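Good morning, everyone. Please take a look at the chain on the screen, and then we will walk through it.

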Amino acid sequence: MQPVVVHEGRVQVNAIPLRYKLFVIVFALLPRTLIFASLASVGSDFLIGADDYQELILNSVALAFLIEIDNMMFTAVVSDDTKILMDDANPLKVELPTPDFLVNYMRTATTSALYTLIIAGMPTWMVTKAYHDRGGKYDVGQALRCLCHASGVNCITAQVLGGNPYLTGHEAVERSIVPKFW
């Protein structure tokens, strides 16, 4: 069996040598996976961190550009003959020997529920982190309320101006008003 067969204008790939597989894994699959994971994490942080609609739209457009840049590069750099050859190639068919119990397990609702929990859990965790971490959106809101209105339990300005009763040093540290230096 030949590795590549051209029949009636269609290209059929029957086998790929191991060195090509390793090359693709090392120089294409791993870097693309790392870029995807980094882009998903950083892009989500940019979108969650947007404070108004204008910033959200600009960050969304920037993220869409980064996601599509590889397709733009392919369109701009690859020759038309190669694009036609790629379009004429038949899809690869891979048959893996799998035990019957594994195939049946993959079809169960348990696996679907697990994937659903993972997919729903990641954004939930990221949003919770963006709001509740130290320096997150809630802390920024508290700081702005203290700065603008001189109010709030943890506001030193309110204490100085008389809006809150005076807190001792230990009470201020417990309420995270001042950094813990001692």
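Which backbone oxygen does the side chain of K83 reach? The backbone oxygen of T75, at 2.7 Å. I call that a polar contact: a pair of N or O atoms within 3.5 Å, where, within protein, one must be able to donate a hydrogen and the other to accept it, and residues adjacent in sequence count only if both atoms are side-chain atoms.

A word on the source. This is a predicted model, where local features need pLDDT of at least 70, side-chain atom pairs count only at pLDDT 80 or more, and totals for chains, interfaces and linings use all residues. Residues are numbered from 1 along each chain as its sequence is written, and side-chain values use heavy atoms, with hydrogens and water left out.

Now the overall layout. The chain has eight helices and two strands. Helices (H or I, at least four residues) and strands (E, at least two) are DSSP runs, numbered from the N terminus. Along the sequence the pattern reads β-β-α-α-α-α-α-α-α-α.

How much of the chain is buried? Of the 182 residues, 11% count as buried. Buried means under 20% relative accessible area, exposed means over 50%, and partly exposed lies in between, with a 1.4 Å probe and protein chains only. The chain exposes about 15100 Å², and carbon and sulfur atoms supply 67% of that. These areas come from the Shrake-Rupley method with a 1.4 Å probe; for residues, only the protein chains shown count as cover.

Next, contacts, meaning heavy atoms within 4.5 Å. Take the contacts in the chain with a separation of 6 or more: residues 24 or more positions apart account for 32% of them.

Let's start with the strands. Strand β1 covers residues 4-7 and strand β2 covers residues 10-13. They pair in the antiparallel sense, over four bridges. Two strands pair if DSSP finds at least two bridges between them. V6 stands opposite V11 in β2. The two strands form a hairpin with two residues between them. In the turn, E8 has a positive phi of about 55°.

L92 sits in the loop between α3 and α4, the latter being residues 100-106. L92 and V13 are 79 residues apart in sequence, yet 6.7 Å apart in space, C-alpha to C-alpha. Leaving out residues up to four places away in sequence, L92 touches V13 and I16. L92 still counts as exposed, because its relative accessibility is 51%.

On to helix α1, residues 18-48. What kind of surface patch do L18, L22, F23, V24, I25, V26, F27, L29 and L30 form? A nonpolar one, with about 890 Å² of accessible area together. Patches are made of residues with over 30% relative accessible area and no salt bridge; like charges are joined within 9 Å, and nonpolar side chains (Val, Leu, Ile, Met, Phe, Trp, Tyr) within 5 Å. One member, V26, lies in α1. V26 counts as partly exposed, at 45% relative accessibility.

Now the charged pairs. Side chains of opposite charge can pair when their charged atoms come close. A salt bridge here is a side-chain nitrogen of Lys or Arg within 4 Å of a carboxyl oxygen of Asp or Glu. How many are there in the whole structure? Three.

One joins R32 and D70, at 3.1 Å, N to O. R32 lies in helix α1 and D70 in helix α2 (residues 53-77), so this pair ties together parts that are 38 residues apart in sequence. R32 is exposed, at 53%. D70 is partly exposed, at 30%.

Another joins K137 and D51, at 2.9 Å, N to O. K137 lies in helix α6 (residues 137-149) and D51 in the loop between α1 and α2, so here the parts tied together are 86 residues apart in sequence. K137 is partly exposed, at 22%. D51 is exposed, at 64%.

And one brings us back to K83. Its partner is D80, at 3.8 Å, N to O. D80 and K83 both lie in helix α3, three residues apart, about one turn of the helix. That helix covers residues 80-88. K83 counts as buried, because its relative accessibility is 19%. Beyond its neighbours within four places in sequence, K83 is in contact with F74, T75 and V78.
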